[in-house]
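My notes follow in the order I took them.

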Amino acid sequence: MKMRFTRRTFLKTGLSGAVVVACGTLPAKWLRRISAAATKARMTGAQTVMPIPVPASSPKLFPTEIPKYSQHGYGKWQTGDGIPHQKRLDLMKTGYNDAGVKPAANLLRFFTITDIHISDKETPAQAILYGVRGGVSSAYSGVMLYTTHVLDAAIQTVNALHKETPIDFGLSLGDTCNNTQYNELRWYVDVIDGKVIHPSSGSNAGADKIDYQRPYKAVGLDKSIPWYQTLGNHDHFFIGFLPQNEYSRKTLIGQEIINLGDVFTDMRGMDSRGYYMGAIDGATQYGDVIGVGPEKNFPTPPKVRAADPDRRSLYRREWIGEFFKTTSKPVGHGFSQANIDNDFACYSFEPKSDLPLKVIVLDDTQRNDDPNNPESLGYGHASLDQERYDWLVQELDLGQAEGKLMMIAAHIPIGVEPFPSMMGWNQKAPVTETQLIDKLQEYPNFILLAAGHRHCNTVTAFKSPDPSRPELGFWQVESPSLRDFPQQFRVFEFVRNSDNTVSILATDVDPVVKEGSLAATSRTYAVATQQIFNNPLPFLPTGVYNAELVVQISPEMQTKLSKAGTPVQK
């Protein structure tokens, strides 16, 4: 059997959501304010991570040849110029004139992190085979060694930003884990809580001498910042792609490395066989890959160093339950006991008592019992069953009736991946993507959908179906991954303007990494991975897209917001 896979067949990131950028930038005064705030924390409005091209004379390396990266010029970067905010008027009426419009009041400031993919690199059940010779960087790259360290650096950067200008709350948009594992989720929560992290598993090989294996004390998120959690496909599917089954769950807590076939073409999925998927040896400096290749090459099944019960796969309600075991706030991080009891990962909250705003956290991942579609294999699609759709409509109806601005936090973006993309809408879902978009455009108070999943910085305008009512349009903003290049998170700011429009400022942030730190090593590996795999990211070479997204709100909401917020200093 010949394996046929590339990152595109795995992710199908067709970039169909590439944006049409309107002319214009933020007023110079705003840009100066952003630059001043970026002197300590790495806001990309002030400076960016600029990869240095690999010399033309350098050989093409395989992802596993990490010791050769530096010698041949892979992974090198320098500080580049900042990327100003692109002012977007896509949702406004034709002829709208923003001349003379100034920011009047700051309403809200929050951060989003997503697709952290905390990885137990030593687990016997993963999909390293699909990336060791190129193909799928999401299956293997050197950044797997340092996922907790990058999260720790991002949290430290959030804290620095919070000291400069207070942050109201944080949103994690899913894919906290790489592979549904208990230990992965505990590392994730414990990093944010500021606990001691033991980033190894099994025999804990190398914990006394290998940098990425050594225990360390995470800094933890500032205790005054509440944060809320969203479910991603990697949080409840094997490598985000297939439902765990008895074989994979047993393999996770054993020693033998998982044996699978070409899951991208084989309808048998987790029941296919033919290739050992590999693991990483934590006792080696660069995380040597072991136990990978056709089963015929192994007289006996390859094994990892030791089994570990903490590698067990969590069911969704178990995954939700772990967010109650925390020292940061709020307990549950948005989830309630009802979410556990009902196995239901949707909820809503209102972040500020003095601002009429409702955040709707929506689980738009597939169900574990969805049929595997032979025309678009895998379980990385967006999807809503009738229960979640009805719940969403009820939440939107209530928010509209109560006169509140509304935004949705979901893992998978909508309207940007046409069928048969493996990241597009689930064609077997009882609710269609068109039905969902049409429904969202019935609510004048709905202004933003924040998502992750595709590891990129795309912004998409969903214009009002009625040109005379621009307030029926909304923005969708995707946040980048903390795992893959450009390894960023976003800061959002809601600003009321002098003409009673609202601006949403979406700014990419590079985690501050000290020279010689493990997070700095991960950045080097992330740059090298991009240079080796050539993943089809938008906005290269930096991958950055900062935007000011202007929203027309209804007369009723204009009145409600007229006294809201902190006045902007003139």
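Predicted model: local features only at pLDDT ≥ 70, side-chain atom pairs only at ≥ 80, totals over all residues.

**Pocket and helix packing**

The lining of the second largest pocket has 18 residues in total. Nearest the pocket centre I found Asp152, Ala153, Gln156, Ser517 and Ala519. I noted a volume of about 370 Å³ for this pocket. By class, its lining residues split into eight nonpolar, six charged and four polar.

**α3 against α10**

How close do the axes of α3 and α10 come, and at what angle do they cross? They come within 8 Å and cross at roughly 110°. That angle makes α3 roughly perpendicular to α10, because 65 to 115 degrees counts as roughly perpendicular. I recorded the crossing of α3 and α10 as left-handed.

Then I listed the residues in contact. From α3 they are His149, Val150 and Ala153; from α10 they are Leu518, Ala519 and Ser522. This contact holds four nonpolar residues, two polar ones and no charged ones.

**α3 against α4**

I stayed with α3 and turned to helix α4 (residues 182-193). The axes of α3 and α4 come within 9 Å and cross at roughly 30°. That makes α3 roughly parallel to α4, because angles under 35 degrees count as roughly parallel. Is the crossing of α3 and α4 left-handed or right-handed? I have it as right-handed.

On the α3 side, the contact uses Thr148, Leu151, Asp152 and Ile155. On the α4 side, it uses Trp187, Tyr188, Val191 and Ile192. I counted the classes for α3 with α4: six nonpolar, one polar and one charged.

**α8 against α9**

I moved on to helix α8 (residues 386-401) and α9 (433-440). Their axes come within 11 Å and cross at roughly 10°. The two helices are therefore roughly parallel to each other. Which residues of α8 and α9 meet? Tyr389, Leu392, Val393 and Leu396 of α8 meet Gln435, Leu436, Lys439 and Leu440 of α9. The contact of α8 with α9 has six nonpolar residues, one polar and one charged.

**Backbone details**

I finished with peptide bonds and torsions. The bond from Phe419 to Pro420 is cis, with omega near 10°. Where does Pro420 lie? I placed it in the loop between β15 (405-410) and α9.

Another cis peptide bond joins Phe485 and Pro486, and its omega is about 15°. Pro486 sits in the loop between β18 (474-478) and β19 (489-497).

Last, I checked Asn204. Its phi is near 55°, a positive value in a residue other than glycine. Asn204 lies in the loop between β7 (196-197) and β8.

Definitions and conventions: Residues numbered from 1 in each chain as written. Heavy atoms only, no water. 1 Å grid on protein atoms, 1.4 Å probe; cavity = no way out; pocket = protein on both sides within 12 Å on 5 of 7 lines; lining within 4 Å. Points joined across faces, edges and corners; volume = space filled by probe spheres on them. Nonpolar A, V, L, I, M, F, W, Y, C, P; charged D, E, K, R; others polar. Axes fitted to C-alpha atoms, helices over the stretch in contact; angles between N-to-C directions. Helix = DSSP H or I, 4+ residues; strand = E, 2+ residues; numbered from the N terminus. Parallel < 35°, antiparallel > 145°, perpendicular 65-115°, else oblique. Left-handed = near helix turned anticlockwise from the far one by under 90°. Contact = heavy atoms within 4.5 Å.
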